[in-house]
Amino acid sequence: MIFNYDVIIVGAGHAGCEAASAAANLGSKSLLITMDMNKIAQMSCNPAIGGIAKGQIVREIDALGGQMGIVADQTSIQFRMLNRSKGPAVWSPRTQNDRVKFIRKWLEILNSIPNLFIWQDTVTNLIIKNGIAIGVRTILNIEFRAKAIILAVGTFFNGLMHIGKTQISGGRISEPSSIGISEQLIELGFKKSRMKTGTPVRIDGRSVNFSLMEEQKGEMDFHRFSYLNSIHRSVKQSSCWILYTNRACHEELRKGLSESPLYNGQIKGIGPRYCPSIETKIVTFPSKDHHLLFLEPESENTQEYYLNGFSSSLPFSIQLSALQKIPAFKNVQIYRPGYAIEYDFFYPTQLNHTLETKLIKNLFFAGQINGTTGYEEAGAQGLIAGINAHTNVHKDKSFVLARNEAYIGVLIDDLVTKGVDEPYRMFTSRAEYRILLRQDNADVRLTEKSYHQIGLADINRYNYLLNKKKWINNILTFIYQHSVSADQINSSLESFGVSPLRNRVKLSNLISRPQLTINIISAFVPIFQEQLDKIPNRKEEIIEEVEILIKYNGYIAREKIVAEKINRLENIKIRGRMDYSTVQSLSAEAKQKLTNVDPETIAQASRIPGISPNDINVLLILLGR
């Protein structure tokens with residue numbers, strides 16, 4: 001039995017699993033401590049991975065050498081690419097997953113890592129010596145020592161669940177909350193607050209009338225999360241179902257508002273504005289007579305369904321009577337009601353970009369403890385925390401992603417620079433450079449960086465990238481060099497609404513037109529089709545990326561120029577170089593916020609809310625720039 005480790009990870013949710021696998025795969029002897037080994041990587045809410053902006057994060061996790069994309073692909077029961085009607089900057093992959101198989105696959109991965117050990121227990125105290133985290137103590141009064149500690153505790157810190165007036169202590173349904181560490185962190189000087197999230201009822205599919213709903217099937221194209229060729233969907237594909245609430249349902253919900261923890265003062269925590277409960281929807285939009293719902297399968301081998309859009313903390317009797325007013329749920333049978341949960345989080349401005357805390361060395365926070373929500377945001381933080389815990393232990397250079405490199409960089413910079421005043425969720429609108437941060441090119445952006453700088457992306461993944469880049473360049477070169485005559489193509493263009501050509505044009509000119517695609521043009525240009533047929537694998541993926549690079553070339557080039565200008569400010573280090581309180585030219589607000597955040601660079605300082613361009617100019621002058 002080993003009691004001394006390089007890295008200890010507390011909590012085996014999505015953040016903890018990514019942190020543990022990253023640290024251990026990099027070579028750190030790691031211990032993952034969880035309350036229940038049977039609920040590792042539990043999908044506490046929706047059994048789905050990805051979505052708007054979240055799908056980009058999952059592809060980035062995969063490109064860096066993380067596991068979430070692999071597990072999602074292998075346990076997917078439905079795949080969709082969202083936002084196809086818009087530009088590729090916001091295309092976002094999403095899967096519905098088999099909850100049971102998702103946990104089993106994650107456990108299989110963790111058990112296969114030689115450097116990783118698992119201990120089932122509850123951590124009650126951190127062992128801190130001279131401002132450095134050196135170990136943990138559990139409820140069984142067992143001590144484990146480590147050179148770095150990662151807290152990835154989800155909603156378990158003083159978790160309190162609400163179903164109407166009923167309150168139950170717990171981190172999620174039927175699981176106890178964690179008490180002790182939160183109080184210890186406060187004594188150490190950390191600042192915390194409370195947040196709230198919720199989840200809908202789970203419904204027995206045998207009691208539902210599916211004929212009264214609209215079927216939504218998945219897509220079986222080449223898209224997936226992982227860039228590894230060997231990862232394929234192996235689970236039976238299932239449909240989701242679309243339905244709506246109605247006036248009668250809303251009337252039943254209104255009857256319970258006086259008993260709603262959200263409106264009677266029972267819940268004090270901050271809830272997610274972008275994912276409101278059903279009772280919040282009917283209060284916020286009183287004139288709306290229906291709201292969209294999705295009935296989503298939880299597993300290929302169960303009858304359990306998740307009712308997306310019906311999150312609630314109302315009394316069970318109100319939830320049931322309201323559902324029965326929806327025709328498809330006239331005879332509904334429920335497995336368990338929806339509930340809200342409150343929990344402690346710690347302000348993320350108390351962290352560095354590595355996710356190491358500023359107050360305690362070698363202590364890292366990842367996931368909902370930082371005020372975020374979502375499996376994907378948690379997994380991304382866990383990955384970065386695991387990498388940097390490892391680099392701390394082995395005295396390597398820390399690993400940080402910039403805002404123009406990844407959505408993960410945007411996520412972490414937002415947290416440590418701007419902080420949170422509600423549960424943080426990633427959106428494409430949060431990224432200034434989203435045409436650069438597309439879901440299709442995460443491997444091009446990140447795999448080489450991961451392979452060379454830290455070694456988490458292995459040689460197989462790196463070789464897949466080199467092969468992909470080679471064929472992208474080959475096809476681009478052919479497209480920009482090869483031209484076609486008007487006689488050769490005009491008769492084919494008429495059916496696509498393209499004006500006849502007068503002269504020879506490059507293939508790139510044709511592909512840049514909105515009506516045309518590579519597949520359309522190659523059907524009429526045999527030599528072009530021959531070039532495409534030479535691609536040995538990942539053909540559709542390579543064609544898609546080439547087409548994006550051509551059609552959006554101007555936008556991509558312009559955004560790169562802007563990003564390069566901002567990067568100059570990222571290189572100007574500022575932390576520890578001045579006492580902001582003594583700078584008379586700064587406003588009182590600027591002094592306070594710069595002191596609180598203590599930015600690492602001028603660029604980070606410029607992103608702090610309340611810091612003006614004039615404040616940045618003052619800092620540049622003082623630095624002699």
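Predicted model: local features only at pLDDT ≥ 70, side-chain atom pairs only at ≥ 80, totals over all residues.
Cys240 is a buried residue, with a relative accessible area of 1%. No disulfides are present anywhere in the structure. Cys240 accordingly has no disulfide partner, and the nearest cysteine sulfur, that of Cys45, lies 14 Å away. Cys249 is likewise buried, at 0% relative accessibility. The closest cysteine sulfur to that of Cys249 belongs to Cys275, and the 17 Å between them is too far for a bond, since a disulfide requires the two sulfur atoms to be within 2.5 Å.

Glu422 sits in the loop that links helix H10 (407–418) to helix H11 (442–453). With a relative accessible area of 14%, Glu422 is buried, because the cut-off for that class is under 20%. The side chain of Glu422 forms a polar contact of 2.6 Å with the side chain of Arg273. Leaving aside residues up to four places away in sequence, Glu422 touches Met195, Ile270, Gly271, Arg273 and Gly371.

Helix H12 (residues 459–481) and helix H16 (residues 526–533) have axes that come within 10 Å and cross at roughly 170°. The two helices are therefore roughly antiparallel to each other, as angles over 145 degrees fall in that class. On the H12 side, the contact is made by Ile475, Phe478 and Ile479, while H16 contributes Ile527, Phe528, Gln531 and Leu532. Six residues of this contact between H12 and H16 are nonpolar, one is polar and none is charged.

How values were computed. Residues numbered from 1 in each chain as written. Heavy atoms only, no water. Axes fitted to C-alpha atoms, helices over the stretch in contact; angles between N-to-C directions. Helix = DSSP H or I, 4+ residues; strand = E, 2+ residues; numbered from the N terminus. Parallel < 35°, antiparallel > 145°, perpendicular 65-115°, else oblique. Contact = heavy atoms within 4.5 Å. Nonpolar A, V, L, I, M, F, W, Y, C, P; charged D, E, K, R; others polar. Buried < 20%, exposed > 50% of the residue type's maximum accessible area, 1.4 Å probe, protein only. Polar contact = N/O pair within 3.5 Å; in protein donor to acceptor, adjacent residues only side chain to side chain.
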